[in-house]
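Subject: Structure for you to look at

Hello,

Here is the structure I said I would pass on. Please open it beside this message and follow along.

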Amino acid sequence: MLKKRIIPCLDIKNGRTVKGVNFVSLTDAGDPVELAKAYVQQGADELVFLDITATIENRSTLIHLVEKIANEINIPFTVGGGINSVEDVFSLTQAGADKVSINSSAIKRPELISDIASRFGSQCVVVAVDTKKENTDWKVYTHGGRTPTKISTLDWVKKAEQLGAGEILLTSMNHDGTKSGFSLDITYEVAKTMNIPVIASGGAGTKEHFSDVFLTTKASAALAASVFHFNEIPIPELKRFLKTKNIPIR
Amino acid sequence: MIAIIKYNAGNIKSVQNALSRLGAESVVTDDHNTILNADKVIFPGVGEAGSAMVYLQERGMDILIKSITRPFLGICLGQQLMCSHSEEGNTNCLNIFDVKVRKFPPTDIVPHMGWNTIYDLKGEIFKNCVDHEDVYFLHSYYADLCMNTSATCTYILPFSAALQKDNFFATQFHPEKSADIGDQILKSFIEL
């Protein structure tokens with residue numbers, strides 16, 4: 001049976017992980033490679049690295065880091081942040097990234113999705129969507145959630161799929177950082193609509209939040225950052241818990 | 001020395017990284033002599049069947065691959081290209097395995113992406129594996145079950161997760177992305 005995926009997300013700035021990390025086993029918690037290896041050991045199903053500086057000057061640092069990660073880890077990983085062109089994707093996949101995640105640049109220029117899909121395959125393109133509920137409508141935000149758009153979230157994810165997106169990484173800004181649980185309503189709606197995998201993101205605070213999102217929506221994966229970094233929810237414990245809920249887990 | 005066949009498909013770097021983690025020397029090459037003289041050959045790939053076959057045929061690599069007598073491992077698109085025919089681009093393939101490659105019916109999410117269970121394992125590359133371990137898949141096309149099936153997986157329907165005939169091995173999943181179990185499978189291949 002196909003398993004639901006648990007995906008830790010690492011924020012990268014100048015080649016180092018940011019947000020505090022509290023792993024006793026790590027000698028250098030700021031080293032993304034060390035942290036990535038620890039997550040693989042714990043049973044993470046995939047990893048996402050998000051370059052939050054994403055400036056041109058830092059590109060070579062990121063490429064070098066991706067090469068090191070690809071050398072060291074034996075599970076799939078996605079790299080995102082500041083990807084604007086097919087050339088960016090080329091250099092990241094050459095360095096060893098399995099997938100890339102695009103967000104603002106895809107909204108600005110939707111054909112970037114089809115350009116990447118036709119060159120590298122749909123499986124390579126993760127379209128990240130930051131969404132926020134305004135009155136009753138879920139709208140798309142860009143630039144790390146700072147810039148509102150008038151685009152409806154459901155319209156955008158459908159368009160992204162048509163253009164060749166291989167996966168949708170859906171982050172609810174209403175829930176991100178709140179530890180009050182994934183946004184079940186929009187995740188349900190998006191996952192129901194799509195024929196490609198949907199990764200739920202934003203709001204994980206307890207093990208029950210993960211079982212809720214898998215039991216009430218068709219999400220294929222759940223992504224979180226701080227609950228894993230601070231070891232508030234150790235991945236092996238989370239996976240054991242989800243198995244007791246009869247959720248298919250590796 | 002293991003030759004990794006270079007052609008117009010991706011995912012070659014991660015195979016080379018996996019081999020180097022396991023201490024095996026490899027070279028990415030499309031040189032016929034290097035490939036023929038290698039101890040083992042790996043035929044990886046993420047890509048599209050039709051354009052990959054055209055590329056191989058234009059360079060005489062279709063005939064070369066079939067003539068190899070050393071241990072040979074196709075991965076993902078590599079496995080599909082070793083079958084008789086693929087629905088992807090209605091492509092005649094290498095016909096090492098007499099089995100057709102079809103697109104998954106759209107009754108569930110396609111591609112089949114993520115960790116899934118393999119069972120009914122046969123053959124030397126699975127000698128250190130037990131049934132019902134999870135490995136990483138990423139594909140929209142699958143090979144039917146057949147007499148060469150050496151591992152089975154079920155997604156929408158049962159299909160060949162691995163194939164073997166004589167020196168020709170193939171996996172639909174990605175051993176290079178399948179954590180410890182994937183390393184075990186690659187190690188068993190390296191030690192053949």
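Below are some notes on the annotated site and on the contact between two chains.

This is a predicted model, in which local features need pLDDT of at least 70 and side-chain atom pairs count only at pLDDT 80 or more, while totals for chains, interfaces and linings use all residues. Residues are numbered from 1 along each chain as its sequence is written, chains are lettered from A and ligands numbered from 1 in the order in which they are written, and side-chain values use heavy atoms, with hydrogens and water left out.

The annotated site

An unreviewed UniProt entry places the feature "active site" at B:Cys76, B:His174 and B:Glu176. UniProt positions are given here in the numbering of this model, with feature names shortened, and such annotations may be inferred rather than shown by experiment. These residues are spread over 101 residues of sequence, yet they cluster in space, with a largest C-alpha distance of 10.9 Å.

B:His174 sits in the loop between strand 13 (168-171) and helix 6 (179-190) of chain B, and B:Glu176 is in the loop between strand 13 and helix 6 of chain B. Helices (H or I, at least four residues) and strands (E, at least two) are DSSP runs, numbered from the N terminus. B:His174 is buried, at 5% relative accessible area, and B:Glu176 is buried too, at 1%. Buried means under 20% relative accessible area, exposed over 50%, and partly exposed in between, with a 1.4 Å probe and protein chains only. The side chains of B:Glu176 and B:His174 make a polar contact (2.8 Å). That term means a pair of N or O atoms within 3.5 Å; within protein, one must be able to donate a hydrogen and the other to accept it, and residues adjacent in sequence count only if both atoms are side-chain atoms.

Where chain B meets chain A

Chain B gives 22 residues to the contact and chain A gives 28, where contact means heavy atoms within 4.5 Å. The two chains bury about 2200 Å² between them, 53% of it on carbon and sulfur atoms. Buried area is the accessible area (1.4 Å probe) that two parts lose on being put together, summed over both. In chain B, B:Met113, B:Trp115 and B:Lys177 lose the most area to chain A, together 32% of what that side buries.

Two salt bridges are found across this interface, each a side-chain nitrogen of Lys or Arg within 4 Å of a carboxyl oxygen of Asp or Glu. B:Lys177 and A:Asp98 meet in a salt bridge (2.8 Å, N to O).

Regards
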